[in-house]
Amino acid sequence: MRVLLVEDDVMLGDGMVDALRSSGYTVDWLQQGLPALSALKSEEFAALILDLNLPDIDGISLLRRLRRERQTLPVLILTARDALDDRVLGLDAGSDDYMVKPFALQELNARLRALVRRSKGQAQAVLEYGELQLFPASQQVTYRGEPVKLTPHEYKLLQELITQSGRVLSRDQLQQSLYGWDEGAESNAVEVHIHHLRKKFFPELIRNIRGVGYIVPQQEGQGTKGASAP
């Protein structure tokens with residue numbers, strides 16, 4: 001899951017980026033709100049973690065602009081403002097959840113997973129695709145009941161494709177979901193990961209639509225059953 005973090009505290013932001021990446025997230029971090037508005041218009045994120053005390057625009061004002069522009073991505077406010085009126089204001093402005101600093105990373109991870117599940121209309125905490133099962137909380141995978149060892153990037157790529165099964169995703173979209181702005185990647189990284197996933201499961205799992213991108217075919221009668229966040 002690719003997350004945009006908007007936090008102006010350098011020490012806290014740096015620590016959060018490291019912690020979230022170690023938990024399996026792809027994280028991009030901005031310290032001001034107006035650049036975040038631009039990024040959200042041009043790139044895809046699964047969720048926004050938003051501080052309220054920003055140097056250029058108040059987080060509540062940023063959130064209201066997002067919602068006026070019909071941006072529907074899940075927003076989790078993470079702030080030191082702990083008064084009841086502040087929490088009510090944040091939720092009424094369009095946030096999906098509200099956490100007060102200091103916080104526990106384990107709880108933040110769980111809330112992010114729940115936000116993304118709800119945004120996709122999904123209730124299950126386990127992602128299922130045929131005989132494949134993904135367990136986002138632990139980033140474990142089983143196939144036909146047996147555990148399969150994946151690298152962190154292989155896991156994230158598999159989850160992205162299965163969560164959006166039936167939709168063709170371009171190479172650039174997949175690369176953005178795997179690597180943040182400051183994370184280098186080889187030009188053929190996505191193709192290499194897909195090659196490994198096909199070998200570990202079965203070749204037909206991920207199909208190449210020539211000139212367009214890659215797709216995990218939607219199972220008959222599947223709908224959006226079982227998709228979840230990391």
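Which residue in strand 4 is the bridge partner of L50? The partner is I77. Strands here are DSSP runs of E with at least two residues, helices are runs of H or I with at least four, and both are numbered from the N terminus. This is a predicted model, in which local features need pLDDT of at least 70, side-chain atom pairs count only at pLDDT 80 or more, and totals for chains, interfaces and linings use all residues. Residues are numbered from 1 along each chain as its sequence is written, and side-chain values use heavy atoms, with hydrogens and water left out.

Start with the sheet. Strand 3 (residues 47-50) and strand 4 (residues 75-79) run parallel and are joined by three bridges. Two strands pair if DSSP finds at least two bridges between them. The open sheet has five strands in the order 2-1-3-4-5, with parallel pairing. Strand 2 (26-30) and strand 5 (97-100) are the edge strands, each pairing on one side only. On average, neighbouring strands of this sheet are turned by 20 degrees against each other, direction ignored. Helix 4 (residues 84-92) packs on the sheet and touches strand 4 and strand 5. Its direction makes about 150 degrees with that of strand 5. Such angles run from 0 to 180 degrees between N-to-C directions, and axes are lines fitted to C-alpha atoms, for helices over the stretch in contact. Contact means heavy atoms within 4.5 Å.

Next, a helix pair. Two packed helices are described by the angle between their axes and the distance between the axes. Helix 1 (residues 10-22) and helix 5 (residues 105-119) pack at about 65 degrees, with axes 11 Å apart. M16, A19 and L20 of helix 1 meet L105, L108, N109 and L112 of helix 5. A cis peptide bond joins K101 and P102, with omega about -5 degrees. Most peptide bonds are trans.

Now the cores. In soluble globular proteins, nonpolar side chains tend to be buried together. A nonpolar core is a set of buried Ala, Val, Leu, Ile, Met, Phe, Trp, Tyr and Cys residues joined through side-chain atoms within 4.5 Å. The largest one has 26 residues, and L158 and F201 have the most contacts inside it. Helix 6 (152-163) gives the largest share, five residues. L158 touches L134, V141, L150, L197, F201 and L205, not counting residues up to four places away in sequence. A second, separate core of 22 residues includes A36, L48, L50 and L63.

I206 lies in the loop between helix 8 (189-200) and strand 10 (207-209). Is I206 buried or exposed? I206 is buried, because its relative accessible area is 1%. Buried means under 20%, exposed over 50%, and partly exposed in between, with a 1.4 Å probe and protein chains only. Leaving out residues up to four places away in sequence, I206 touches L161, I194, L197, R198, Y214, I215 and V216.

Most residues other than glycine have a negative phi. R70, in the loop between helix 3 (59-68) and strand 4, has a positive phi of about 65 degrees. R70 counts as exposed because its relative accessibility is 74%. R144, in the loop between strand 8 and strand 9 (146-147), has a positive phi near 55 degrees. R144 is exposed too, with a relative accessible area of 56%.
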